[in-house]
Amino acid sequence: MITTASSSPSPSPSPQRSDRIGGTFIHSHGTKVFVPDRLDNVQDAVNQARFSEKRWVWIEDEQHGYVRAQVIREFEKSPRSARHPKIEVEHESGQTCFVPADKVYSMNPPKFDRVEDMAELTHLNEPSVIHNLTLRYHTGETYTYSGLFLVAVNPYRKLPIYSQDYIQSYKGRRRGELPPHIYAVADQAYHDMVQDGDDQSILITGESGAGKTENTKIVIQYLAAVANTAVRSEIEQQILQANPILEAFGNAQTIRNNNSSRFGKFIRIKFNNRAQICGANIEWYLLEKSRVHQQTPEERNYHVFYQLLSADDSFKEQLLLGGQTAKDYNFTKNSSITIDGVDDAEDYQKLLKSLDIMGLSDKEKFDLFRIVAAVLHLGNIIVTPDFRERADIRDFTSIERLCHLLGIPAQDFKKGLLAPRIKAGSEWVSQAKSLEQVQASLVALAKTLYERNFASLVERVNQALDGQKTVDKTQFIGVLDIAGFEIFEVNSFEQLCINYTNEKLQQFFNHSMFVLEQEEYKKERIDWSYIDFGLDLQPTINLIEKANPIGILSCLEEECVAPRGTDKRFLEKLNKVWNTGEGDAKYKPRRFDEGFIVTHYAGRVEYSTKGWIDKNKDPLNEDVTRLLARSTQPYVARLFEDYLTDNEKSTDMTLTKLRKGTGSFRTVGQRHKQQLLALMCTLESTHPRFIRCILPNDRKRAGQIQTKLVLGQLRCNGVLEGIRICRKGFPNRLSFDDFRKRYEILCPNQLPTNCFIYGRSACQTLLDAMQLDPERYRIGTTKVFFKATVLAELEEIRDRHLANYMTGFQAMCRRYIARQKMTRKARQTEAIRVMQRNARIYVTLREWPWWKVYAKLRSAGVAYRGEAQIKERDQKIAQQETQITEQTSEIQELTQKCQQLTSQQDDYAGLVQSQQAIVRELEESKQALVEKVAGHEEEMEEAQKQAEAQANMIARLHRDIRECSEENEQLATRYEAVHGTNETLTARVEYLENENGRLSKERENNVDSLRKELEELKKSNEAQISALKNERDEYKQKLSDAEENHRAEQNLFTQRQTELEEKLKLLNDELQQKSKERTDYENKHDILQSNWQDLARLVQSEAAEAQARSER
């Protein structure tokens, strides 16, 4: 670790700043930041004085990384040593040595110790960064800003900085107003999403044990706390409960971390238009499948295996695990069975509770654990060689347990495992496998079962989290938790995928960081040439992903597709394309081992290509997978449905699989590449924020910093890369007004005081007077931009000026105080002399004879004055007795008058009471009249209502008359029609009579019949005529009756109307009379009221006079 001055630990930081009384907002790295005023906040005045005496620097040290030293002598450059000049330095221990100048690093003043943003350091270098982190870590301050980064060092202990009070204190606060915290980053993301309506992302990276998973949970908890209402909704509970599920199936104990996340995840938390959480989605990357079958003794398999083996015996019996422990299974017995402070049985109950909250049924939970148990049983299958060196399985019970859980035939599984069928031309033939091949098939099947079960679990969790569909527009905050850059002694295909991911993320950071900066430069119109810092990493990215010329992943894909692809041929192709022999090439071959070297931004990494073809293809026994696809257990069959034959799988399912991209033809590298491209597209559409987690030591101990370990992580996490980019731009800026107010003290007489001057001109004048290098600053339209260390240097100059001014001010104050002290002493001396002179005069006067005579006569004068005072007192007493006698007689007279006035007052009171009784009677009569008038008004209203009802009745009668008239007209029309019919019949009768005469002559035989017929016709016609006449008479009678009724009702209505008009007239007359009476009563009341008021005033005046007389 870095050797520094000893400092005692301070308590954990408070969420409130009480030691700072002012500050200002500046723009740093495209973000508005609050910068508090520095009140020479040096913790140790001795350290400050010691630093000022000598020139202190950092030098490299093999054991501690960097140590403090002081410069003794610098050698001037000579022709021999111009390339590598050396500096003589002295260690704190007193030892001196010579160090190359490029190995000496400037040290920041002590006032920059524990600075909250390392971009503010005067000297930005590796030892300064690690020194600042170390000081803050020892005082419990685990979070530190580094430009756009938030650096989080794992404390390895619980800190009281994640309570609800801290959440409320960081809510709605700008960066810099409170100490650095992950809450500040999360709150800024939430605030920007609400205000700007843009999607946000928080990228959390770091190596195993650095605290990525915990910080991810803290971010999610903070967002759930600030975005919810008074009652936490179900979706927010499910989001929080998703962590225990993912940790159980995706986390494991490693050498550096007891709860290490062995996969990357991107958690997308969705918000509705009211800024409330409405859903979530989880995407996962690079699950460490190899951990399923192998672990070191200091590590464990995934937590869920140990939790399941700690479940109830009845549940374990259903999974055929009864009475067994982790020591009984090959996949877990060589690992660390327990973790200090962790109860697997308790965690299993928490897992079940989380699954219940997520909405999983008992059947779904049993299916999840079915696959976990099957993986354990897979590891216990013992494969032995037979006499022909072919594989054989003699213990059939382990296969039966496995096949029972998976729902497949045991004999078919054994046959497919030992002698799978392969297609030779158009025929299928069986091929016996060796011991190693069968064991590899079992391991591959175990890894695939666990991975597909994990993928199904994440998909089910996403269904629960994203089940609430809404038509409102939604934004999201994405939290990326992924492993950081990895450099091990042996780096394989997994490390290439992880480092490729971090290379893309670092390029994304470089681009995001300076795109904002350079847009600001363009807006301010400063002189700047555009730099694409993302291009610095593009050669390495092209080497990995490019298709032409063929890159590492593309070449690996090509070799996997080839019939007889090998690792050796794959490496030969890479060497042929990329081994150019150039010194700055990103690709270089290794001399002896099978592998190559890639230069990443974090350093050179040597990769071993052994087994890459198999790792990328991830081959499975197709006979076994087809058995699993036809399993009697629906869940198992669904996991392997993409392995069904063409005749068995439906077209819809095949299209779905192709659309999802989960078919069996996809390799690991291709799938990861496409996932990464999709992730980058998502991140590029968001406003990103970066959190770099640091592992302080590999011993899991609190309070210890291993400098070399931390430096390696700072390089791999891109923190030092970000500082390098920061130095090339102008990260710090101040407005014209702020710059003038703060730094005008450096050039006090340069600006005129009695005239107006533009801000840009004033700043240019001040900068010219400071003789600052123009390459270190730029002046925009509203701000002044500075390089990384310029403001720190200006602050030091300003501090020296203030120190000089304060020294002069202190000298003036001391001079004034000294003069005041001298003046006070002189006045005291003069006063003492006056007192001494008066004392001598008094002593001389006391011995004077005449003074003695005066002292004796003074007592006699006092006795004479006493007798005169007694005589004056007696005279005053006699005068006062005479006045008392006169006043007594006056009091008696006034008492008599008061009694008379009292009797008069009683009389007046009786008179007032009688008048009040009269007034009450008048008021009662007035109230009765008012009620009577109100009754008459109600009667008038009822009469008016009756008149309206009668008018309505008359209108209805008129309508009835009109209807009767219409009916009469219809009857008259009908009568005319009947009359016409009668006339027609009469004419016909005459015609028949004539015809009868003619026929009688012609047909004598038919006379009788015709006569009878004629008679019948006459009778019928007469009957019809008589009926019509009767009907006509009835209609006439009805019409006459209706007319009579109408005339009677009309007469009755006219009579009633006349009566109502007369009654209304009488009511109007009576109402007018009542109104006159009411007016008279009101006039009388007003007269009585005025009389009463006059009487009251008279009584009051009499009472006042009586009271005045009684007082006199």
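**Helix pairs and nonpolar cores**

In α10, R370, I371, A373, A374, H377 and L378 meet R401, L402, L405 and L406 of α11. The residues of this contact divide into seven nonpolar, one polar and two charged. The model is a predicted one.

Two packed helices are described by the angle between their axes and the distance between the axes. Helix α10 covers residues 362-379, and helix α11 covers residues 396-406. Their axes come within 9 Å and cross at roughly 160 degrees. Angles over 145 degrees count as roughly antiparallel, so α10 and α11 are roughly antiparallel to each other. The crossing of α10 past α11 is left-handed.

Now the interior. In soluble globular proteins, nonpolar side chains tend to be buried together. Here the largest nonpolar core holds 125 residues, and F249, F369 and F413 touch the most other members. Helix α13, residues 435-465, gives the most to this core: 14 residues. Take F413. Leaving out residues up to four places away in sequence, F413 touches L378, I381, I399, L402, C403, I408, L445, V624 and L627. Another core, of 71 residues, lies apart from the largest one; I130, F476, F509 and L556 are among its members.

Helix α15 (residues 538-545) and helix α16 (residues 552-561) have axes that come within 3 Å and cross at roughly 5 degrees. That angle makes α15 roughly parallel to α16. L543, I544 and E545 in α15 meet I552, L553 and S554 in α16. This contact divides into four nonpolar residues, one polar and one charged.

How values were computed
Residues numbered from 1 in each chain as written. Predicted model: local features only at pLDDT ≥ 70, side-chain atom pairs only at ≥ 80, totals over all residues. Heavy atoms only, no water. Axes fitted to C-alpha atoms, helices over the stretch in contact; angles between N-to-C directions. Helix = DSSP H or I, 4+ residues; strand = E, 2+ residues; numbered from the N terminus. Parallel < 35°, antiparallel > 145°, perpendicular 65-115°, else oblique. Left-handed = near helix turned anticlockwise from the far one by under 90°. Contact = heavy atoms within 4.5 Å. Nonpolar A, V, L, I, M, F, W, Y, C, P; charged D, E, K, R; others polar. Core = buried A, V, L, I, M, F, W, Y, C linked by side-chain atoms within 4.5 Å. Buried < 20%, exposed > 50% of the residue type's maximum accessible area, 1.4 Å probe, protein only.
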